[in-house]
Amino acid sequence: MPGKVTVVGAGFYGSTTAQRLAEYDIFDSVVIIDIVEGKPQGQALDLNQSRSIEGFETKVVGTNDYADTAGSDVVVITAGLPRKPGMSRMDLIEVNAKIVRQVSESIAKTSPDAVVVVVSNPLDEMTALAANVLGFPRSRVIGQAGMLDTARFTDFVAEALNVPVASVKTLTLGSHGDTMVPVPSQCTVDGKPLSDLLPAAKIDELVDRTRNGGAEVVALLKTGSAYYAPSAAAARMVKAIAEDSGVVMPVCAWVQGEFGISDVYLGVPAEIGAGGVKKIVELDLTDTELAALKTAAEAVRAKQADVASL
């Protein structure tokens, strides 16, 4: 069992991720690090005082010093600015690139053996940037997006059909943005194909809502972006790594030949465990879905190349 997980960034996303990880009670310690003095320390104090109520022993540590994160088994990078209404994820690219670069340089020095889960936006580009700066094997640097987008798609389908979310299985691949590729051919409700239960036009509508799922939340909140579902997604990825579970999850991973795509970070189904991505799982996609995935790969590839110099 890994002893230490670090969450970089004490905003809503980071602090909620740290809370979920602590409440799993599978780590010796969860470290929250932030540049704001007192903020992670206060959160840690508050979270530790919930331990007797929630029944977990994991110790939460708040710090402004990367020395306290040394030897982390897993690091989650949430640092960066969230979106404001009307902003696209790409609008954040320059400012968040600088932050992710600095964070990655620090992690490389203090936790050279860690698996790194990136959640900063724009997600695919920041994952590629972190991997370049860290210099780790690419299997140890993964992005959280597909888990969240799939969860949103699942919720929208369950709502449309008025069925329990547990009966719905959906999948989204591609990028975390305009070239997201929801995969209706892999979607079922109680084992029945989604296409048997909803007309194509309704499925397209739900796909579109999934693609804009983050913007919908941002527009309603007006100050800040989603963090409950995103933190649940990131925490589950960390849990799979910690427990070496081998569970298959849609994540942003380095693709080398799978689906006929190479040398790019892209949302694909992958087996997750100790060491990060164990292998990418090639599902049978329809010709249309595969074409969309390849289009997403090329769009993301161009942007990932741009980020390298930021």
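This is a predicted model: local features need pLDDT of at least 70, side-chain atom pairs count only at pLDDT 80 or more; totals for chains, interfaces and linings use all residues.
Trainee: How should I read two packed helices, and at what angle do the axes of α1 and α10 cross?

Mentor: Two packed helices are described by the angle between their axes and by the distance between those axes. Here the axes of helix α1, residues 12–24, and helix α10, residues 228–242, come within 9 Å and cross at roughly 45°, and α1 and α10 are therefore oblique to each other. The crossing in which α1 passes α10 is right-handed.

Trainee: Which residues of α1 and α10 meet?

Mentor: From α1 the contact takes Tyr13, Thr16, Thr17, Arg20, Leu21 and Tyr24, which meet Tyr228, Pro230, Ser231, Ala232, Ala234, Ala235, Arg236, Val238 and Lys239 of α10. Sorted by class, the residues in this contact of α1 with α10 are nine nonpolar, three polar and three charged.

Trainee: At what angle do α5 and α11 pack?

Mentor: Helix α11, residues 287–307, packs with α5 at an angle of about 50°, their axes being 9 Å apart; α5 and α11 are therefore oblique to each other, and their crossing is right-handed. On the α5 side the contact is made by Asp124, Glu125, Met126, Ala128 and Leu129, and on the α11 side by Val300, Lys303, Gln304 and Val307. This contact of α5 with α11 has five nonpolar residues, one polar residue and three charged residues.

Trainee: Which residues does UniProt list for "binding site"?

Mentor: The unreviewed UniProt entry lists Gly9, Ala10, Gly11, Phe12, Tyr13, Gly14, Asp34, Asn96, Val119, Ser120 and Asn121 under that name. From this set, the lining of the largest pocket takes in Gly9, Ala10, Gly11, Phe12, Tyr13, Asp34, Asn96, Val119, Ser120 and Asn121. One of the listed residues, Ala10, has its place in the loop between β1 (4–8) and α1.

Trainee: What should I look for in the backbone, and which residues does a cis peptide bond join?

Mentor: Look at the omega and phi angles. A cis peptide bond joins Asn121 and Pro122, with omega about -5°, and Pro122 is placed in the loop between β5 (115–118) and α5 (123–134). As for phi, Asn162 has a value near 55°, which is positive in a residue other than glycine; Asn162 lies in the loop between α6 (146–161) and β7 (168–169).

Notes:
Residues are numbered from 1 along each chain as its sequence is written. Side-chain values use heavy atoms; hydrogens and water are left out. Axes are lines fitted to C-alpha atoms, for helices over the stretch in contact, and angles run from 0 to 180 degrees between N-to-C directions. Helices (H or I, at least four residues) and strands (E, at least two) are DSSP runs, numbered from the N terminus. Angles under 35 degrees count as roughly parallel, over 145 as roughly antiparallel, 65 to 115 as roughly perpendicular and the rest as oblique. A crossing is left-handed if the near helix is turned anticlockwise from the far one by less than a right angle, and right-handed if clockwise. Contact means heavy atoms within 4.5 Å. Ala, Val, Leu, Ile, Met, Phe, Trp, Tyr, Cys and Pro count as nonpolar, Asp, Glu, Lys and Arg as charged, and the others, Gly among them, as polar. UniProt positions are given in the numbering used here, feature names are shortened, and annotations may be inferred rather than shown by experiment. On a 1 Å grid over the protein atoms alone, a cavity is a set of points where a 1.4 Å probe fits but cannot get out, and a pocket is an open set with protein on both sides within 12 Å along at least five of seven lines; lining residues have an atom within 4 Å of a point.
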